[in-house]
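Have the sequence and the 3D view open while you read.

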Amino acid sequence: MPQEISVSYQAIKSKVYRLIDALVVGEKNEAEVQESIRRWWELIHPADRPIAQKYLFTILERSRLALDSVEGGLIEATENEAFRPSEPSKVLKMVGRVVKHSTLSSPPI
C-alpha cells in the first residue's frame, strides 16, 4: 500500500526546513538532499503535485527572501569587514530545480 504524503503548506514547509537543517549541520550533503527531495516528490500522488509544487515554490521563495535579509543584516552589521557572502539560497535553488525537473519528467496522468 503506497504511503500517503501530506501536501499541506505546513507539511511541505517542515520537510523543506528539515532538509535545510540537515544540510546546515552536516547530516546530509547536497546530493543526499536532492535524492531525498526526488524520493519525497515521487511519493506525492500526481493529482496532488500541482498544489504541492505551488506550496513548495512559495516556501522556497519566502525562505530565499529570509536568507537574503539575514545576509543583508550581517553585511550591514559587519560594515563589510572582510565578510564574503556565500550563496545562502543555493539549497533553495537546488530543491526548486529538482522539483521542476521531476515535474517535467513525470509522465502525464
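## The big picture

The protein has 4 helices and 0 strands; helices (H or I, at least four residues) and strands (E, at least two) are DSSP runs, numbered from the N terminus. Starting at the N terminus, the elements go α-α-α-α. This is a predicted model, where local features need pLDDT of at least 70 and side-chain atom pairs count only at pLDDT 80 or more, while totals for chains, interfaces and linings use all residues. Residues are numbered from 1 along each chain as its sequence is written, and side-chain values use heavy atoms, with hydrogens and water left out.

How much of the protein is buried? Of its 109 residues, 30% count as buried. Here buried means under 20% relative accessible area, exposed means over 50%, and partly exposed is in between (1.4 Å probe, protein chains only). Now for contacts, meaning heavy atoms within 4.5 Å. Take the contacts in the protein with a separation of 6 or more: 71% of them are between residues 24 or more positions apart.

## How α1 sits against α2

Let's zoom in on helix α1 (residues 9–25) and helix α2 (residues 30–43), which pack at an angle of about 160 degrees with their axes 9 Å apart. That makes α1 roughly antiparallel to α2. For angles, under 35 degrees counts as roughly parallel, over 145 as roughly antiparallel, 65 to 115 as roughly perpendicular and the rest as oblique. The axes are lines fitted to C-alpha atoms, for helices over the stretch in contact, and angles run from 0 to 180 degrees between N-to-C directions.

The crossing of α1 past α2 is right-handed. A crossing gets that name if the near helix is turned clockwise from the far one by less than a right angle, and it is left-handed if anticlockwise. Which residues make the contact? On α1 they are I12, K15, L19 and L23, and on α2 they are E30, V33, S36, I37 and W40. Sorted by type, the residues of this contact of α1 with α2 come to 6 nonpolar, 1 polar and 2 charged. In this sorting, Ala, Val, Leu, Ile, Met, Phe, Trp, Tyr, Cys and Pro count as nonpolar, Asp, Glu, Lys and Arg as charged, and the others, Gly among them, as polar.

## How α1 meets α3

α1 also packs with α3: their axes come within 9 Å and cross at roughly 50 degrees. The two helices are therefore oblique to each other. Here, too, α1 passes in a right-handed crossing.

On the α1 side you'll find Y9, I12, K13, V16 and Y17, and they meet A52, Y55, L56, T58, I59, L60, R62 and S63 in α3. The residues of this contact of α1 with α3 split into 9 nonpolar, 2 polar and 2 charged.

## Salt bridges

Side chains of opposite charge can pair when their charged atoms come close. A salt bridge is a side-chain nitrogen of Lys or Arg within 4 Å of a carboxyl oxygen of Asp or Glu. By this rule, the count comes to 5 salt bridges. Among the residues involved, E35, R38 and R39 are linked in a network.

Helix α3 (residues 49–78) holds both E61 and R64, 3 residues apart, about one turn of the helix. Their side chains meet in a salt bridge (2.6 Å, N to O). R64 also meets D68 in a salt bridge (2.6 Å, N to O), and these two are 4 residues apart in helix α3, so about one helical turn separates them. Are these residues buried, partly exposed or exposed? E61 is partly exposed at 36% relative accessibility, R64 is partly exposed at 24%, and D68 is partly exposed at 29%.

Where is R49? Its place is in helix α3. R49 forms a salt bridge with E42, the closest N and O atoms being 3.9 Å apart. R49 is buried, with a relative accessible area of 12%, whereas E42 is exposed, at 51%.

P50 is also found in helix α3, and P50 is exposed, with a relative accessible area of 53%. Now look for V7. P50 and V7 are 43 residues apart in sequence and 9.8 Å apart in space, C-alpha to C-alpha.
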